[in-house]
Amino acid sequence: MSSEKITVSAEDIDLAVHVSAPAEIPAKKQPSPIPVWAKACLWLLVPVLPLLCVISVILRIAFRTQPPRTRYALVSLLATLLTVSSLLALVAGVAIYSLVPLPPMVNSGLPDLDQRTGFPSLSSAVTLSSAEVSTQLKPLVVVVSPAVRFWGREAASVGLGAGMLLEAGPDGYLFATANHVVSGTASPAGGSAPHVMVAMEGGLWSKADVIATCPSNDMALLWVERHSGAAAFVQPIGKPQDGEPIFVIGHPEGLKYTLSSGIISGLHQDVLQISAAISPGNSGGPVYDAHGALLGVVSSKFDRNNDANAENLGFANSAELLHNPSLWSFYGNGRQRLEQYLKDLQTKQQM
């Protein structure tokens, strides 16, 4: 047996590798698992984003058992279609909002009051029941919201309070509310009087000018021009008495025109402590006595963050503050509006 040693050089190894290595096979492009006609049909849905979303969900469910390659192709296609469709919808929305006039969101005047043929006779000679208060006095209450600017247009903000009708005259309506309800309104252009948004039960917002404020007592007066109608109304002001029954109307937590009742729990100079349930949204709302006379304007409640055990500790500013114009700061003809109301109120009381 030969024991001769075999020597292999590096060139021999390199040659062997080149000889034994398989020839490189060019990659073969595989056809897409989504047919062309199906892609074309889906692209036709791009202008209709909601329908494309529904179809996408249906296809995702229908293709859940397909091979991974097919599902991947479908997801990629749907993602592209939804992205393009969303961009088209965004561009169309911006174009419509910018170029096409939108229907009015803010009405001129208060048609709900213009169309009235009469108002309740207050203060009533008889004691009103809760049902009568709801029927007769709720229509005298408005929703008040600071005005905000949105793309050059004014609209009501998300915050709201309440206000009550003081007088319906031949040229407009005078309302009272809380000053902190109107303090967040946007500054008007051109240096005109500030205004807020008000709405009756119909829900359509109208502009109301802030014609007077009394920050020290958290009260404000609003004015809305009148366009038609002749029914007159003057809200009487009562003298609050400790322990007498009261009714409060407001919009607590957005629950509009909520009626609650209680008593005057205490009198603290010009502030009424009341037991009627109030919550954010009641601010600026009226406190009526059992005959429909206005006793106060809801201003605040005890902060339960300071004492979680506090219950039914609400406060209202006395409506008798309306009798003292020297306490108020006026805009435009606000002083004349308030003095006219007080004059008409005095005339009514003398009748």
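Predicted model: local features only at pLDDT ≥ 70, side-chain atom pairs only at ≥ 80, totals over all residues.

Reply: Let's start with helix α3, where L52, S56 and L59 are buried.

UniProt, in an unreviewed entry, places the feature "transmembrane region" at residues 42-63 and 75-100. Over residues 42-63, the model has 73% helix and 0% strand, and the end C-alpha atoms of that stretch are 15 Å apart.

From here, let's move on to the aromatic rings. How many aromatic pairs does a search of the whole structure find? The search finds 1. Its partners are F119 and F233, and the pair is tilted, with 5.3 Å centre to centre and 35° between the planes. F119 lies in the loop between α5 (111-114) and α6 (130-137), while F233 belongs to strand β9 (residues 233-234), so the pair ties together parts that are 114 residues apart in sequence. Both partners can be checked for burial, where the cut-off is under 20% relative accessible area. F119 has a relative accessible area of 15%, so F119 is buried. F233 has a value of 3%, so F233 is buried too.

The loop between α5 and α6 holds something else for you to find: S123 lies there, and the peptide bond from L122 to S123 is cis, with omega near 0°.

Another ring to visit is that of W223. The charged end of R337 sits over this ring, 3.7 Å from its centre.

What about the cysteines? A search of the whole structure finds 0 disulfides. Two cysteines you can look up are C41 and C214. C41 is partly exposed, at a relative accessible area of 42%, whereas C214 is buried, with a value of 0%.

D218 is not a glycine, yet D218 has a positive phi of about 50°. You will find D218 in the loop between β7 (205-214) and β8 (219-225). Its relative accessibility is 16%, so D218 counts as buried. E253 is not a glycine either, and its phi is positive, at about 55°. E253 lies in the loop between β10 (245-250) and β11. Is E253 buried or exposed? Its relative accessibility is 60%, so E253 counts as exposed.

Finally, follow the chain into strand β11 (residues 258-268), where G262 is found. With a relative accessibility of 18%, G262 counts as buried. How far is G262 from V248? Along the sequence, G262 and V248 are 14 residues apart, and in space they are 8.2 Å apart, C-alpha to C-alpha.

Methods:
Residues numbered from 1 in each chain as written. Heavy atoms only, no water. Buried < 20%, exposed > 50% of the residue type's maximum accessible area, 1.4 Å probe, protein only. Helix = DSSP H or I, 4+ residues; strand = E, 2+ residues; numbered from the N terminus. Phe/Tyr/Trp six-rings, centres within 6.5 Å; stacked < 30°, edge-to-face > 60°. Lys NZ or Arg CZ within 6 Å of the ring centre and 35° of its normal. Disulfide = S-S within 2.5 Å. UniProt positions renumbered as here; feature names shortened; annotations may be inferred.
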